[in-house]
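Work through the exercises below with the sequence and coordinates open. Each task is followed by its solution.

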Amino acid sequence: MDKGLVVKNTGSWYIVKTDDGRLVECKIKGNFRLKGIRSTNPVAVGDRVSIQTHAEGTAFITEIDDRKNYIIRRASNLSKQSHIIAANLDQCLLVVTVNYPETSTVFIDRFLASAEAYSVPVSLVFNKTDLYTDDERRYLDGLVGLYTHIGYPCYAVSALQETGIAAIKEALRGKVTLFSGNSGVGKSTLINAILPDQHLKTGEISAAHNKGMHTTTFSEMFEVEGGGYLIDTPGIKGFGTFDMKDEEVGHYFKEIFAYSAGCKYGNCTHRHEPGCAVREAVEHHYISESRYTSYLNILEDREEGKYRAPF
């Protein structure tokens, strides 16, 4: 029985890096399901696992260690299934763009709230700064100011021109970091700027595994300089909300949670209740309109049943 780290999944196979440094292709035992999580993938990149190799050479994952955290993507159709993007994270870098294409603040705030719910610290990486007009730069400065103030570190970079990359490399050192973001924000270019020697390798591996198949949504781990791992994930289109009561959603917006202590009612949803300290803070610009809009947006989703509870 060997122990190891799941460094890649391809849908049906998992690549496990054993503690003695071997890469082993594994399958899951048919009856192996995690209790309490209905997900399309019981094992995720970042999981510590036990594997058993049979005489004829096939290897199976037989056990999964307890996770310190994980990030889930809800299927944004009405499916009750969810997909675990990655497990055992020290932090997440969300790659976003002010334009080409624009990442909406609603998407950013949904992601941040999800990460708060799963206890994963997030930093925002604003990419493609080389393309921005003066107006877009001013908007960028406003967003950086807003999110830094709330407590989310921000980086402004150009992956294409490799500006700002050194600071990102420093932030990755010694940590397990999930890279995420909408499709089209330049995540792959950014990863290639951070790990230049991976460029060819990622192309080769993908080509080998996806021969004659639809492009698979898989995540993969890469070792970074100075220790630590970077986890690359498929681009996310939408981000379904997670299972929580209406009055809990505000707990995952740091500044709304801070002001909610002053609300007249303990289960205030910050919409229409009298004596709401959060609405007052929005009126006085202590809480930004965009964040409050995102908060309401999540509540509205829940009412319309757009994203069902996971169980």
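**Exercise 1. Decide how enclosed helix α4 is, and list its buried residues.**

Step 1. Helix α4 spans residues 187-194. Helices are DSSP runs (H or I, at least four residues), strands likewise (E, at least two), and both are numbered from the N terminus.

Step 2. Apply the burial cut-offs: buried means under 20% relative accessible area, exposed over 50%, partly exposed in between (1.4 Å probe, protein chains only). Six of the eight residues of α4 are buried, so the helix is largely enclosed by the rest of the structure.

Step 3. The buried residues are Lys 187, Leu 190, Ile 191, Asn 192, Ala 193 and Ile 194.

Two conventions apply throughout. This is a predicted model, in which local features need pLDDT of at least 70 and side-chain atom pairs count only at pLDDT 80 or more, while totals for chains, interfaces and linings use all residues. Residues are numbered from 1 along each chain as its sequence is written, and side-chain values use heavy atoms, with hydrogens and water left out.

**Exercise 2. Describe the surroundings of Ile 191.**

Step 1. Ile 191 lies in helix α4. Its relative accessible area is 4%, so Ile 191 is buried.

Step 2. Set aside neighbours within four places in sequence. Ile 191 is then in contact (heavy atoms within 4.5 Å) with Phe 179, Leu 230 and Asp 232.

Step 3. Now take Ile 231. Ile 191 and Ile 231 are 40 residues apart in sequence, and their C-alpha atoms are 9.7 Å apart.

**Exercise 3. Characterise the packing of α1 and α2.**

Step 1. Take α1 as residues 105-117 and α2 as residues 134-150. Their axes come within 13 Å and cross at roughly 20°. Axes are lines fitted to C-alpha atoms, for helices over the stretch in contact, with angles from 0 to 180 degrees between N-to-C directions.

Step 2. The two helices are therefore roughly parallel to each other, the class for angles under 35 degrees.

Step 3. From α1, the contact uses Thr 105, Ile 108, Asp 109 and Leu 112. From α2, Tyr 139, Leu 143 and Tyr 147 take part.

**Exercise 4. Find the residues with the most contacts inside the largest nonpolar core.**

Step 1. A nonpolar core is a set of buried Ala, Val, Leu, Ile, Met, Phe, Trp, Tyr and Cys residues joined through side-chain atoms within 4.5 Å.

Step 2. The largest has 49 residues, and Ile 61 and Tyr 147 have the most contacts inside it.

Step 3. Apart from that core lies another, of 20 residues, including Val 95 and Ile 194.

How values were computed. Parallel < 35°, antiparallel > 145°, perpendicular 65-115°, else oblique.
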